[in-house]
Amino acid sequence: MKHATKLIQQRYAKLKSMPLKINVSYSEKEEAKSKGAFWDTDSKTWYVPKHKNYNDFIQWIDNEKFSIIAKKPFHIALNKRECWKCNEITDIVALASNNFYEFDYTNEDDDDNMTKEWLKQDYFTFFSTPEYIDKEIIDLIQERFPFYKYGYSKTINRKYWANHCQNCNALQGDFFNHNEPGGAFSPMSIEECKEITLIEVPSKYDLTLNAGTGWSGIEDMILKYCKKKEWK
Ligand SMILES: [Zn+2]
């Protein structure tokens with residue numbers, strides 16, 4: 001009995017510390033292991049535990065695909081808006097985090113020594129116009145919010161993961177949702193913060209994506225007044 005409990009505790013501790021998936025080739029596995037990476041048999045992937053410095057694993061992180069790593073726990077934010085086309089009210093979502101890393105230049109003042117690193121950001125943001133979202137996580141989101149689809153926006157002339165009207169399927173552009181004051185993910189008042197629901201995404205790993213970020217200045221108010229719900 002005691003042994004079983006210990007095993008479960010160990011497994012849970014491992015799950016909790018699991019975070020970032022990395023791409024390690026067979027010939028590099030000893031090197032990755034010596035730096036502190038682990039192999040996850042269930043997901044068949046190498047991963048970096050959350051307490052490690054991600055910059056030590058930079059060679060195995062695909063920064064061409066994504067420029068943001070949002071650490072667990074991260075959230076999906078849910079709100080409503082009026083469809084610009086059919087005027088019906090429709091649900092819309094956005095990924096959100098207040099603990100993420102961005103791949104960016106470390107010393108911008110010194111042109112000869114500009115290097116890129118994963119830099120920690122700790123402000124709250126809703127992610128906008130994502131071009132890439134980790135496959136497992138987008139599958140989870142689409143299962144629950146099928147109106148969140150990869151679509152072409154005429155406004156910005158490219159494709160991204162966007163909300164679509166639940167009634168007429170028209171793309172509900174992120175510019176209006178995130179940049180317009182009072183937009184669904186750009187609240188200006190306590191009342192508007194209360195309209196937002198934050199749901200923790202039940203992911204085993206950190207979220208990797210390529211998206212815009214935005215600093216609102218009222219993040220404390222958003223976190224204090226928004227609704228919180230379980231995924232279930
Ligand atoms: Zn519509």
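Two strands pair if DSSP finds at least two bridges between them, and strands themselves are DSSP runs of E with at least two residues, numbered from the N terminus. The model is predicted: local features need pLDDT of at least 70, side-chain atom pairs count only at pLDDT 80 or more, and totals for chains, interfaces and linings use all residues. Residues are numbered from 1 along each chain as its sequence is written.

**View 1. Strand 7 with strand 4.** Strand 4 (residues 68–70) and strand 7 (residues 100–105) run antiparallel and are joined by 3 bridges. Alanine 70 has phenylalanine 100 of strand 7 as its bridge partner.

**View 2. Strand 7 with strand 8.** Strand 8 (residues 116–121) pairs with strand 7 in the antiparallel sense, over 6 bridges. Here lysine 116 of strand 8 stands opposite tyrosine 105.

**View 3. The largest nonpolar core.** A nonpolar core is a set of buried Ala, Val, Leu, Ile, Met, Phe, Trp, Tyr and Cys residues joined through C-beta atoms within 7 Å; buried means that 20 or more other C-beta atoms lie within 10 Å of the residue's own, with C-beta atoms placed from the backbone. The largest one has 40 residues, and Tyr54, Ile69 and Leu95 have the most contacts inside it. Elements that give two or more residues to this core include strand 4, strand 7 and strand 12 (158–164). Strand 6 gives the most, with 5 residues.

**View 4. Surroundings of leucine 95.** Leaving aside neighbours within four places in sequence, leucine 95 is in contact (C-beta atoms, placed from the backbone, within 7 Å) with Phe74, Ile76, Phe127, Leu207 and Leu209.

Key
Helices (H or I, at least four residues) and strands (E, at least two) are DSSP runs, numbered from the N terminus. A residue is buried if 20 or more other C-beta atoms lie within 10 Å of its own, exposed if 12 or fewer, and partly exposed in between; C-beta atoms are placed from the backbone. Two residues are in contact if their C-beta atoms, placed from the backbone, lie within 7 Å.
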